[in-house]
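Me: Hi! I have a new model open and would like to talk it through with you. Here it is.

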Amino acid sequence: MTRLPFWKTKTLDQMDEAEWESLCDGCAKCCLLKLEDEDTGEIAYTRLHCKLLDAGTCKCSDYPNRKQHVPDCVKLTPAGIEELRWMPKTCTYRLVHEGKDLPDWHHLVSGDRMRVHTEGHSILGRTVSEETVFDEDQEDWIVDWEGNEP
């Protein structure tokens, strides 16, 4: 008998902290600055990433204390996933919440944490820090990578 992985047998609410954190694929798409059209509510992704993101690893440089440095950083919780319209369609938290399986490149499936990057599912090498531009220039950094979310 094959034992099913935890993300197929538990809801997000039932996962312990280690399981929850392990779901993150490391794409860093949630660390992109996003702009919302006031009239339509449409979300546009930019090529700008949070000042705390280490662009060479796609990891937060101060994850435990990120809210102290970036007060509007969103702490993902099981209850909040449904409310976050801007979460990328490939976000593992979103996929599990929607009852979908993990992609084959996800480290929990493939065993390779780098595969998210080598297969182009992360923002690695495609962004610059938000600190490199002025607020009024953010719209100039909107991206549409081949018609897909970043």
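Me: How many helices and strands does the protein have?
Reply: There are 6 helices and 5 strands, taken as DSSP runs numbered from the N terminus (helices: H or I, at least four residues; strands: E, at least two). Along the sequence the pattern reads α-α-β-β-β-β-α-α-α-α-β. Do keep in mind that this is a predicted model, where local features need pLDDT of at least 70, side-chain atom pairs count only at pLDDT 80 or more, and totals for chains, interfaces and linings use all residues. Numbering runs from 1 along each chain as its sequence is written, and side-chain values use heavy atoms, with hydrogens and water left out.

Me: Which way do E1 and E2 run, parallel or antiparallel?
Reply: Antiparallel: 4 bridges join E1 (residues 32–36) to E2. Leucine 35 stands opposite alanine 44 in E2. The hairpin has 6 residues between the strands, and glycine 41 there takes a positive phi near 80°.

Me: How many bridges link E2 and E5?
Reply: E2 and E5 (residues 128–129) pair over 2 bridges, in the parallel sense. Leucine 48 has valine 128 as its bridge partner in E5, and histidine 49 stands opposite serine 129.

Me: Why is E2 called largely enclosed?
Reply: Because 5 of the 7 residues of E2 (residues 43–49) are buried, the strand is largely enclosed by the rest of the structure.

Me: New topic: which residues touch the most other members of the largest nonpolar core?
Reply: They are Trp7, Leu12, Met15, Leu23, Leu76, Tyr93 and Val96, out of 15 residues in that core. The elements giving two or more residues to this core are H1 (6–9), H2 and H4 (92–97). A second, separate core has 7 residues, including Ala28, Leu32, Tyr45 and Val143. A nonpolar core means buried Ala, Val, Leu, Ile, Met, Phe, Trp, Tyr and Cys residues joined through side-chain atoms within 4.5 Å.

Me: What does leucine 76 touch?
Reply: Not counting residues up to four places away in sequence, leucine 76 touches Trp20, Ile81, Leu84, Met87 and Tyr93. Contact means heavy atoms within 4.5 Å.

Me: Last one, glycine 26: buried or exposed?
Reply: Glycine 26 is buried, with a relative accessible area of 18%. This glycine is found in the loop between H2 (17–23) and E1. Leaving aside neighbours within four places in sequence, glycine 26 is in contact with Cys58, Val116, His117 and Ser122.

Me: How far apart are glycine 26 and serine 122?
Reply: C-alpha to C-alpha they are 7.2 Å apart in space, and in sequence they are 96 residues apart.

Terms used:
Buried means under 20% relative accessible area, exposed over 50%, partly exposed in between (1.4 Å probe, protein chains only). Two strands pair if DSSP finds at least two bridges between them.
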